[in-house]
Amino acid sequence: MLACNSMIIIFYLLFLALPSSAKLSFNFTSFNPNNHDLNYSGDAAPSSPVIQLTRNQQDKEMHQSTGRVTYYKLFHLWDKNSGELADITTLFTFTINAGDQAVYGDGMAFFLAPYGFEIPSKQEGGGIGLAGGDQVLNSTLNPFVAVEFDTFQNGWDPVGDHAGININSMISITNVTWSNLVSDGQMNAARVSYNSTAKRLSVAFTGFDGDRVFTQQLSTQVDLRKYLPENVSIGFSASTGDYFEIHTLHSWDFESSLPIDEKIIGPIGSEMINTNRSAPIPSAATETVAAPDNARTKVVLGLGLGLGLSVLGGMTPAHPSSPVHLQPPQQHPSSVRHNK
């Protein structure tokens, strides 16, 4: 009950913290087959009120499954004439459920990629539906920028489940061990933001320590104009290999805004507040262009100081992990399996 209540308030407060001066805004609090604002590929499909990113049917094999869901419109990430980049904030809730399995895989990711970014013809679980075959460690022909929640240790991965930021490779340029409860299928919330002024991509997401729910985070500095075209697809991808788990997307909120001098709102890493207060649930997904709201910003400042979540712009991790370079390791440890 503690974890459930904490997750509700995490979602509510993170939702309030989204920037209000927006160019594009949409909010899916649930999903159903009649909503045509999302495109599905591979094994991904709506299963009201959620999206199953990989197969989750009793009469079908759950191994070797890959699926993606993307927003039906391309997102204008940057302007070629002015060079101006958009600020991005997206919040989503998800579960990865491994049941009682001792070994499971492979994970899911939020990604930005050029139009026409297709599921690899030669799929491997370790590619999380983003890269496959000989492109797993060098996907410049099929480029992407992604935030992964990786649950299987391939030869190129750090030890244990981890969250990472990936550019054109399944080797994360920065990562942190993810303290999850995948074995219990606990709900997770994640917030990905990009500060175009600082060129900083940041992630805050839930971690678990017994009944305690806390914030984990990582960030890196990257100029997205160097890796992505002006207009990109945005969405989620997941995969299984020889081992499997259930990947479920429960909600997705996205906003992009004109570049602003983003303010940091308190420290990352403090324990979440436990409360019985529930989040308002709109009856349908909406897409809006919002006007500035200074009062809303003031409220977020107060909430952020108490909660310990920030806008993350220009912020370095409180517990930085060593960067993982974009070269494959010379040798794979013999104890590490490759989830094909």
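I looked up Arg68 and found it over the face of Phe111, 5.4 Å from the ring centre; a charge counts as over a ring if NZ of Lys or CZ of Arg is within 6 Å of the ring centre and within 35 degrees of the ring normal. This is a predicted model: local features need pLDDT of at least 70 and side-chain atom pairs 80 or more, while totals for chains, interfaces and linings use all residues. Residues are numbered from 1 along each chain as its sequence is written, and side-chain values use heavy atoms, without hydrogens and water.

I checked confidence next. The chain averages a pLDDT (the predictor's confidence in each residue, from 0 to 100) of 73, and 68% of the residues score at least 70. Over residues 258–338 pLDDT stays under 50.

I then turned to the aromatic pairs (ring centres of Phe, Tyr and Trp, its six-membered ring, within 6.5 Å; planes under 30 degrees apart are stacked, over 60 edge-to-face, the rest tilted). I noted a count of 22. Phe75 and Phe254 pair edge-to-face, 5.3 Å centre to centre with 80° between the planes. Phe75 lies in strand E6 and Phe254 in strand E16, so the pair ties together parts 179 residues apart in sequence; strands are DSSP runs (E, at least two residues), numbered from the N terminus.

Last, I looked at Gly67, in strand E5 (residues 66–71). Gly67 is buried, at a relative accessible area of 0%; buried means under 20%, exposed over 50%, partly exposed in between (1.4 Å probe, protein chains only). Beyond four places in sequence, I listed its contacts (heavy atoms within 4.5 Å), including Ser41, Asp43, Leu53 and Phe236.

Definitions and conventions. Helix = DSSP H or I, 4+ residues; strand = E, 2+ residues; numbered from the N terminus.
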